[in-house]
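The sequence and the model come first, followed by the notes.

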Amino acid sequence: MKYRKLGTSDFDISILSAELLGLDFVADGLKREDFDEQIEAVRYAFGEGVNALNLGLPFYLDEPERYTGKIKALLAEDGVKGKVRLFANMSMTGDLTIADLDNRLGLLHEWFGVECFDYCLVEDIDRFAWKRVEQLGVVDWVKGQVKAGRVREFGFDFRDDCFFLKNIFDAYEWGVAQFRYSFMDSTLHPGFSGIEYVVNAKAGLVTTEPFKTRRLLANIPEAAQELWGGGRVQRDAEEWALLWVWNHPEISSVFTSFENKDEAKRFIEYADRQEPIVMLDEIAINKVIDVYKKKRVFACTECRCCMPCPIDMDSPGIAALYNDYLMYGNADVPRFLYGIRGFDKIECKACGVCSKHCPRKYKLMDVVQEAQALFGNS
């Protein structure tokens, strides 16, 4: 296993790290029956040098104890306890109070049997969520949890224009930032510019979703499959996806789930033989990106010139999820994100303001209405 320094800390983290109860798991209930196999895969990965585990998103599960209890048992085993750095995730959904945050962190400690998490990530932060979090007084709360010994370091999971990272780093000395990052995301918020910003802030950087919640490994377009098979070196799509992320030396580790022990073994082999991608490989990957992007309804960059909406609807955010559905042929993940981001709480009034203000004259209103019909509104 290869290792990289996590920011300016003294922790050398494995370039491949494990995840349980991740976005692909909570958004796709069909995989939950195989949870014991996933536990066994993570146990194997620890034995092969993986030294970090993201504990996922238990707050979005109907019966979290059904799964967290098994993780708790794993973490208590000899050879695991005290040897693996643990990343917890603090859900920020809903109308929260500081007391709610105390209760949620307490639940995480209880569910996983951990007295002090190595890292706790404030989850799913964009410019709007950060404003709400800041007004709530989360920065003071974070400082209090570190002082109380409940968490060693805090970080955040970010999904917006890199410009807004400045406000977040100005507010607190975060230990780590996490992006959802794959070869499809280099020009999407926060993209490569966001990576540079985190490095300049001297924080550690980890990424997740190298396979876009496995959508890059299923329903692969024929043209993309031919490109993967015609590369300079014969590799599967999953290896190309991981190599592309590892090709960014600024990224300390890639967190991903393992469906079973065989998959964990493959991913570890990829990490062991990881090498820089050459120009010919980059060209092939860029062609694969084009194959997927051609499936979009239009190339919205989420510049947000169409905002604000008169009824406070996030039209570009909704359009991005609809484009995800078109590109990857899977509605489950964008539907899940549509719900947890509160997009289902507001119904489009067909005023047309977003379409009118779009500098590229995209028909945003039409896409928003199609997305509402597909993903559903409460």
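Helices H2 and H3 cross in a right-handed manner; a crossing counts as right-handed if the near helix is turned clockwise from the far one by less than a right angle, and as left-handed if anticlockwise. Helices here are DSSP runs (H or I, at least four residues), strands are E runs of at least two, and both are numbered from the N terminus. The axes of H2 (residues 35–47) and H3 (residues 64–75) come within 11 Å and cross at roughly 25°. Axes are lines fitted to C-alpha atoms, for helices over the stretch in contact, with angles from 0 to 180 degrees between N-to-C directions. H2 is therefore roughly parallel to H3 (angles under 35 degrees).

On the H2 side, the contact (heavy atoms within 4.5 Å) is made by Phe35, Asp36, Ile39, Val42, Arg43 and Phe46. H3 contributes Tyr67, Lys70, Ile71 and Leu74.

## Basis of the model

This is a predicted model, in which local features need pLDDT of at least 70 and side-chain atom pairs count only at pLDDT 80 or more, while totals for chains, interfaces and linings use all residues. Residues are numbered from 1 along each chain as its sequence is written, and side-chain values use heavy atoms, leaving out hydrogens and water.

## Aromatic rings

The structure holds 27 aromatic pairs. Rings of Phe, Tyr and Trp (its six-membered ring) pair if their centres lie within 6.5 Å; planes under 30 degrees apart are stacked, over 60 edge-to-face, and the rest tilted. Phe156 and Trp174 form an edge-to-face pair, 5.5 Å centre to centre with 75° between the planes. Phe156 lies in strand S7 (residues 151–158) and Trp174 in the loop between helix H7 (165–171) and strand S8 (176–180), 18 residues apart. Phe156 is buried, at 1% relative accessible area (buried means under 20%, with a 1.4 Å probe and protein chains only). Trp174 is also buried, at 5%.

## Charges over rings

The charged end of Arg85 sits over the ring of Phe11, 4.1 Å from its centre. This requires NZ of Lys or CZ of Arg within 6 Å of the ring centre and within 35 degrees of the ring normal. Arg104 is placed over the ring of Phe59 in this way, at 5.6 Å.

## Ser182

Ser182 is in the loop between S8 and helix H8 (191–200) and is buried, with a relative accessible area of 0%. Beyond its neighbours within four places in sequence, Ser182 has contacts including Glu209, Lys212 and Trp244.

Definitions and conventions:
Buried means under 20% relative accessible area, exposed over 50%, partly exposed in between (1.4 Å probe, protein chains only). Angles under 35 degrees count as roughly parallel, over 145 as roughly antiparallel, 65 to 115 as roughly perpendicular and the rest as oblique.
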